[in-house]
Amino acid sequence: MSSATASPPPVTAPPRRALDWRLRFGVLSLIWGFSFLLIKVGTEGYAPFQVTLGRLLFGTAVLAAAMAVKRDRLPRGARTWGHLAVAGFLLNALPFSLFAYAELTIPSTLAGICNATSPLWGMALSLVALSEDRPTRLRVAGLGIGFLGVLTVLGAWQGFAGLDATGTAMALLASLSYPIGWIYVRRTLAGSSHSHLSLTGAQLMLATVQLAVVTPLFTDAPDGLPVVPLLAVAALGTLGTGFAVLLQYGLVAEVGPTTAQMVTYFIPVIATAAGVAILDESLTWSTPVGALIVLAGAALTQGRGPGARSRAQGRRREEPRAEMPTRQATTPAKTPTRQATTPAEALDQQATPQV
């Protein structure tokens, strides 16, 4: 045999980011945590549907600009657009509108805590709708603990005294709408060849069209343009609905959907702090205590038992060898790029509530 051997392919290090992922994670937490305060301020000058339409317009503009920079095109195919229209309703138009209406009668702190119940609803629904998810004792316990936390926040032992039932129900329905939308997306768009930026840009655009049709039917044009509420809506759309989505994509690509979804647990903490410090909203002991219980339960529902891990490893072993990345044992990396390995996992970045 010849002593000459083929030289290994050059090792390409993952592209360095301008900011460490932990800093971007913190920025994303702050943006989404302050979203509930911005909704509250926006509804002080505009109708809830107008607030939602404004945030969708600004958010769509940001994603359209990002698509233009990356020269990404909108998806094609009537079937894909039909699925995206449903996703836009369930993940954007409906929950955004429900939160805006809810905050007419409930504090932003309560809305932020209700948003944290999305992982609980998602776990309950996925056990029924997603065949790859199986109940474990840990996850069932997390579900029970989480909803016990909800009852603590709402003050169930006091008969929910002083609580606006309609506003609270709207906030909880908004948080339920997210996992319904995630499951729909995973079932209908998991095999799409289009980029996530293209799909989400089209999804936001369709949600904007839906609100543009609905808003004139149920609201009157404002007499003026209050500056502070308008700035709140602009920030809500530009940062919370546009820029935050781009941050989320980068985090999912770099550290994986599981780590990126942990932002969900910081949102109610920041929302509560912002509502109390800036809007002077009242806070009783049951609110932070209940929120901690909700977050603990939500964290447990995201845990995977040995059976889930073995099934995930089995799926990876079944993948064609050509699609498996080459193992570079000699190239250490402090924070390796973590790419999704299955279509369903690739769409898990949608599982973070886009508040």
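A crossing of two helices is called right-handed if the near helix is turned clockwise from the far one by less than a right angle, and left-handed if it is turned anticlockwise. The exercises below apply to a predicted model.

**Exercise 1.** Determine how helix α8 is oriented relative to helix α9, and state the handedness of their crossing.

*Solution.* Step 1: locate the two elements; α8 spans residues 196–218 and α9 spans residues 227–255. Step 2: consider their axes, which come within 11 Å and cross at roughly 155°. Step 3: apply the cut-off, by which angles over 145 degrees count as roughly antiparallel; α8 is therefore roughly antiparallel to α9. Step 4: assign the handedness; the crossing of α8 past α9 is right-handed.

**Exercise 2.** Identify the residues that form the contact between α8 and α9, and classify them.

*Solution.* Step 1: α8 contributes H196, L197, T200 and L204. Step 2: α9 contributes T241, V245, L246 and Y249.

**Exercise 3.** Describe the protein chain as a whole: which secondary structure does it contain, and what share of its residues is buried?

*Solution.* Step 1: the chain has 14 helices and zero strands, so that its pattern along the sequence reads α-α-α-α-α-α-α-α-α-α-α-α-α-α. Step 2: of its 355 residues, 48% are buried. Step 4: of the contacts between residues at least 6 apart in sequence, 91% join residues at least 24 apart.

How values were computed: Residues numbered from 1 in each chain as written. Predicted model: local features only at pLDDT ≥ 70, side-chain atom pairs only at ≥ 80, totals over all residues. Heavy atoms only, no water. Helix = DSSP H or I, 4+ residues; strand = E, 2+ residues; numbered from the N terminus. Buried < 20%, exposed > 50% of the residue type's maximum accessible area, 1.4 Å probe, protein only. Contact = heavy atoms within 4.5 Å. Axes fitted to C-alpha atoms, helices over the stretch in contact; angles between N-to-C directions. Parallel < 35°, antiparallel > 145°, perpendicular 65-115°, else oblique. Nonpolar A, V, L, I, M, F, W, Y, C, P; charged D, E, K, R; others polar.
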